[in-house]
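Visitor: I would like to learn how to read a structure like this one. Where do we begin?

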Amino acid sequence: MMDQSNQSVGFIGLGIMGEPMATRLARAGVPLVVWNRSPRALDELARAGADIAPTVEDVFHRSQVVILMLADTDAVDAVLGSAGRPRAELFSGKTIVNMGTVPPAYSRRLSDEIRAAGGSFVEAPVSGSRRPAEDGVLVGMLAGSERAVEQVSPVIAHLCASLTYCGEVPAALTMKLSVNVFLIAVVTGLAESFHFAQRHGLSRDVLRQVLDAGQMSSPISRVKSAKIAEDDWTPQAAIRDVLMNSELITDAARARGIASPLLDVCRDLYDEAVRRGDGSLDMAAVIRAIDDRTISTASKPVRDESVRIRPSRGESEYPTLVAIWRHAVDATHDFLTIGDRNDIESRLSAEYFPAVVLSVAEAGGRPVGFSGVLDGSLEMLFVEPEHHGGGIGTALLRHAIAELQVGTVDVNEQNTSAVRFYQRRDFEIDGRSPTDEAGRPYPLLHLVLPASR
């Protein structure tokens with residue numbers, strides 16, 4: 001067992017879940033050393049009694065056990081070092097506990113590398129959202145060597161109503177994905193239930209009363225029903241995170257040849273929610289994407305065979321293309337600050353459009369998207385949000401590849417739906433830059449078509 005009185009516990013990652021979890025540990029008297037990539041939440045942790053570490057290295061040097069609650073694999077790599085680069089000076093003699101949700105295969109590799117560097121690794125994903133994290137009633141799943149699990153369990157117990165040992169890595173993460181199949185299907189079904197009632201003129205409050213009184217009522221249904229009834233989209237589990245989990249589930253299913261019909265539908269729906277600009281809202285806000293489907297059913301564009309791709313008409317058309325750009329960016333690039341969006345918009349007509357070969361997509365006789373190409377590189381591709389999913393982007397990309405010999409494209413790393421769009425069309429990640437071309441803090445992924453190498 002870990003002697004909590006003499007040894008600090010490190011905690012890295014203070015996001016939607018990490019902040020209340022770390023705060024609970026500090027208030028429970030666990031000697032805590034915390035670090036976060038941004039200063040957000042550090043003041044709250046300091047008030048709760050945690051020590052604020054200046055660097056990741058300081059957290060490891062002062063702690064025997066280090067807990068990670070990071071958003072995704074990129075965040076873990078940014079903190080610990082990328083694959084194949086085990087940091088023995090950090091890991092040797094330490095126990096690293098990953099409580100975030102990552103692909104099971106990634107977790108297995110991370111475990112192997114930490115063990116090779118002389119450390120121990122424990123998976124400890126949790127089921128629950130921000131409120132259960134605040135109340136210490138998460139459901140914890142553990143995997144790893146029994147000795148390492150026994151060492152960290154007294155700490156994790158402060159956060160959980162129950163702890164279940166699942167076996168060796170990656171059994172806990174695979175179990176978490178299994179749980180999330182049910183969770184995502186339930187909340188999405190709940191949102192569709194409210195949508196169905198609303199479209200028939202029924203009261204959301206009355207539906208909430210009926211659901212809460214019935215045998216299907218559960219803590220999660222009651223919380224999410226209240227949020228939908230009150231239009232409260234404060235994130236407890238953000239749509240962007242739910243999309244990530246949906247993709248982890250469907251990817252893991254494909255790897256084993258397993259059918260995932262419900263989650264395939266949910267994944268696409270949460271992807272639509274992210275693209276409409278709702279990625280930072282609570283998962284219950286997926287009802288807005290369901291509403292969009294109903295509202296736009298009659299006006300949805302036909303598929304790409306009816307799209308006309310033509311050259312731009314020059315400066316006279318620039319204002320129309322600027323408007324398309326702004327609508328698309330506001331819907332899909334919520335990671336860009338308003339100031340950066342405004343700055344880029346002000347440069348489009350004077351600097352960016354004249355430097356590329358512009359192609360315009362028309363549907364129903366009006367421009368609904370455009371692309372810009374320079375020397376075989378796709379510099380821009382934007383589509384009006386109401387036409388997302390209608391084949392416009394695919395038509396523009398096909399034209400750029402076939403007619404303008406495009407073989408490369410740079411994509412903002414935070415724009416996960418765009419990254420998936422290109423990867424599904426055979427582009428592969430060939431590199432990464434930590435900033436965009438203007439030096440702004442928006443990492444770029446460099447994608448390439450293998451045939452163009």
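Guide: Begin with empty space. A pocket is an open set of grid points with protein on both sides within 12 Å along at least five of seven lines. Rolling a probe the size of a water molecule over the atoms shows where empty space is left. Keep in mind that this is a predicted model.

Visitor: How much space lies in the second largest pocket?

Guide: The second largest pocket holds about 1400 Å³. Its lining has 50 residues, and those closest to the centre are His 333, Leu 381, Phe 382, Asn 415 and Tyr 422.

Visitor: Which elements give two or more residues to that lining?

Guide: Four helices to look at, among others, are α13 (261-278), α15 (318-332), α16 (338-352) and α17 (392-404). The list also includes α18 (416-423) and the strands β13 (377-383) and β14 (408-412). The element that gives the most is β13, with seven residues.

Visitor: Now one residue. Is Arg 326 buried or exposed?

Guide: The cut-off for buried is under 20% relative accessible area. Arg 326 has 15%, so this residue counts as buried. Arg 326 sits in helix α15. Beyond neighbours within four places in sequence, Arg 326 touches Ile 338, Arg 341, Asn 342 and Glu 345.

Visitor: And what about Asp 205? Where does this residue lie?

Guide: Asp 205 is in helix α10 (residues 204-213). With a relative accessible area of 43%, Asp 205 is partly exposed. Ile 228 comes 23 residues away along the chain, yet the two C-alpha atoms are separated by 9.4 Å.

Visitor: Which residues of α6 are buried, and what covers them?

Guide: The buried residues are Pro 104, Tyr 106, Ser 107, Leu 110, Ser 111, Glu 113 and Ile 114. Their cover includes helices α4 (73-80), α5 (88-91) and α9 (171-199), together with strands β5 (95-98) and β6 (120-123). After α6 comes Gly 118, with a positive phi near 95°.

Visitor: Which residues other than glycine have a positive phi?

Guide: Asp 231 is one of them, with phi near 50°. Asp 231 lies in the loop between α11 (219-229) and α12 (239-255). Its relative accessible area is 44%, so Asp 231 is partly exposed. Gln 405 also has a positive phi, about 55°. Gln 405 is in the loop between α17 and β14. At 56% relative accessibility, Gln 405 counts as exposed.

Visitor: Which residues does a cis peptide bond join?

Guide: Look at omega. For the bond between Val 169 and Pro 170, omega is about 10°, and the bond is cis. Pro 170 is in the loop between β9 (160-167) and α9.

Visitor: Last, the whole chain. How many helices and strands does the chain have?

Guide: The protein chain has 18 helices and 16 strands. Its C-alpha trace spans about 70 × 55 × 45 Å along the principal axes. A compact globule of 453 residues would have a radius of gyration near 22 Å; this chain has 24 Å, which agrees. Of the 453 residues, 51% count as buried. Among contacts between residues at least 6 apart in sequence, 64% join residues at least 24 apart.

Technical notes. Residues numbered from 1 in each chain as written. Predicted model: local features only at pLDDT ≥ 70, side-chain atom pairs only at ≥ 80, totals over all residues. Heavy atoms only, no water. 1 Å grid on protein atoms, 1.4 Å probe; cavity = no way out; pocket = protein on both sides within 12 Å on 5 of 7 lines; lining within 4 Å. Points joined across faces, edges and corners; volume = space filled by probe spheres on them. Buried < 20%, exposed > 50% of the residue type's maximum accessible area, 1.4 Å probe, protein only. Contact = heavy atoms within 4.5 Å. Rg over C-alpha atoms; globule rule 2.2 N^0.38 Å.
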